[in-house]
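Open the model in your viewer and keep the selection tool at hand. This tour goes from stop to stop, with a note on what to select at each one.

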Amino acid sequence: MLKASLKDPRIMVVILVLIVVVMTPLDYRIHTMIPSQDPEEISSIPIGSTVVSGMQVADPAKIRKEPLIIHPDYLVKNIQDGDIGAVIYGLFTGAMMTPIKEVTEGVDVGGRASKLEGLGMLTTKDDKLVVQPPANFIWAYKTPYTYAVKTEDGISIVEKNKTIRTLSPDEIGGAASDYINETELKEWYKEAKIGDRIAIDFSLSNFSDGRLEVPPEDISRFFGEKTKKYMREYPEGAPIMAYMHHYKVEEVATATSQLESYPEYDNINREYNAREFTRAWNGTIVPPGTSSPGKETVQFTSSRDPKAPGGYASHGTCPPARALRDAVAKAGLPTPTGISWGYFALIYGFDPATDVKVYNDGRYPIMIIMWTEGSGPSMLIHAKILRLVPT
């Protein structure tokens, strides 16, 4: 009679419910005595790592297992989650894996990041291993990662204070990178003293959301070639907007200046310098709470000026400096470092691109747009400030 009853699925459901009801108080008592599992114990990669959808972030084999008799509810939850492997393991061994949803967030049953738009970050929250979705904007700083160090026998390539290879003088060109070419590296080597070093590759570090440093080899993989190109153009220490999504662009300020004629300083050189200043600052993004220079990949020409330190100055940079200054002021931001409110706006001794810095004390990132119109003394220089607002 009992065997016949056990064949009735309704009876089996009732028995299972009774087991859950009976074991729940005991389960609660046991769990109040045993500390929760440290979520870092089940992670496959370091906490703070950058994560993309499908990346392995948790190791299911490290998740705590409980006796099935104490946790029959885990059997039900693993069935609901579709974790057939955990179900089979539990039925054969009597030890049921804690359902992965109990100890993770944003992670599928296989331990991979799931349903993630963009670049997440692995973190912990309330005893769970969590794949945190990205903010609208993520920025970091261009940071030296790999150095060439001059030695008695050539150069050493150093990362994190560890020599990874050595090159003889004839092999120095092999250390060229996206940031320094073979000619530049050889010129540096000729002039450098033993022990001198030069950065040849860069990482992204000190992220706005606290994620771990991203080494050079992973920057294109995570953030794309566009971010890598932006890094190549800006100097060491510059803020780099690594990731943007779900935002709108608002125009907040514009300004215009004119090159005008100063033949004593060579108008041709002045026009060239004005265009280079414009190119140096066009497209520069300044995240909130940061100061950004312009591009370091521009070159200015100097004209004789007895009033300037050293007797030379990059004339023609004051008109675009005025346009930049005025647009920044109309946007309600502080006066850029290296620029004054005089007619001759660029302060002597400041490089027009890398020494001048725009500080953004607002809530949202800004983008600087600059361009020229026409040519010669009548050439106009335009500056525009755009605000990038989350949506």
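Start with E213. This residue is partly exposed, because its relative accessible area is 30%. The model is a predicted one, so keep that in mind as you go.

**Stop 1: the partner of E213**

K160 and E213 form a salt bridge, with the closest N and O atoms 2.7 Å apart. The pair links distant parts of the chain, 53 residues apart. K160 sits in the loop between β8 (154–159) and β9, and E213 in the loop between β10 (197–205) and α7 (216–233). K160 is exposed, at 54% relative accessible area.

**Stop 2: D209 and R211**

Select D209 and R211 next. They form a salt bridge too, and their closest N and O atoms are 2.8 Å apart. Is R211 buried or exposed? R211 counts as buried, because its relative accessibility is 4%. D209 is partly exposed, at 22%.

**Stop 3: helix α8**

Now go to helix α8, residues 267–281. Pick R279 and E276, which lie three residues apart there, about one turn of the helix. Their side chains meet in a salt bridge, 3.1 Å from N to O. R279 is partly exposed, with a relative accessible area of 39%. E276 counts as buried, at 9%. For another salt-bridge site, select D178, K228 and R232: salt bridges that share partners join these residues into one network. A search of the whole structure finds 15 salt bridges.

**Stop 4: a buried isoleucine**

Select I172, in the loop between β9 (162–167) and α6 (182–191). I172 is buried, because its relative accessible area is 2%, under the 20% limit. Which residues does I172 touch, leaving aside its neighbours within four places in sequence? Show I155, L167, L185, K186 and Y189. Then pick S156: I172 and S156 are 16 residues apart in sequence, and their C-alpha atoms are 9.6 Å apart in space.

**Stop 5: a negative patch**

Select D38, E40, E41, E105, D126 and D127, which form a negative surface patch. D38 is in the loop between α2 (9–33) and β1 (50–51). D38 is partly exposed, with a relative accessible area of 36%.

**Last stop: the whole chain**

Zoom out. The chain has nine helices and 19 strands. Of its 391 residues, 44% are buried. The chain exposes about 20,200 Å², and carbon and sulfur atoms supply 54% of that area. Among contacts with a separation of 6 or more, 65% are between residues 24 or more positions apart.

Methods
Residues are numbered from 1 along each chain as its sequence is written. This is a predicted model: local features need pLDDT of at least 70, side-chain atom pairs count only at pLDDT 80 or more; totals for chains, interfaces and linings use all residues. Side-chain values use heavy atoms; hydrogens and water are left out. Helices (H or I, at least four residues) and strands (E, at least two) are DSSP runs, numbered from the N terminus. Buried means under 20% relative accessible area, exposed over 50%, partly exposed in between (1.4 Å probe, protein chains only). Contact means heavy atoms within 4.5 Å. Accessible areas come from the Shrake-Rupley method with a 1.4 Å probe; for residues, only the protein chains shown count as cover. Patches are made of residues with over 30% relative accessible area and no salt bridge: like charges are joined within 9 Å, nonpolar side chains (Val, Leu, Ile, Met, Phe, Trp, Tyr) within 5 Å. A salt bridge is a side-chain nitrogen of Lys or Arg within 4 Å of a carboxyl oxygen of Asp or Glu. Lys and Arg count as positive and Asp and Glu as negative; His and the chain ends are not counted. The place of a charge is taken as NZ of Lys, CZ of Arg, CG of Asp or CD of Glu.
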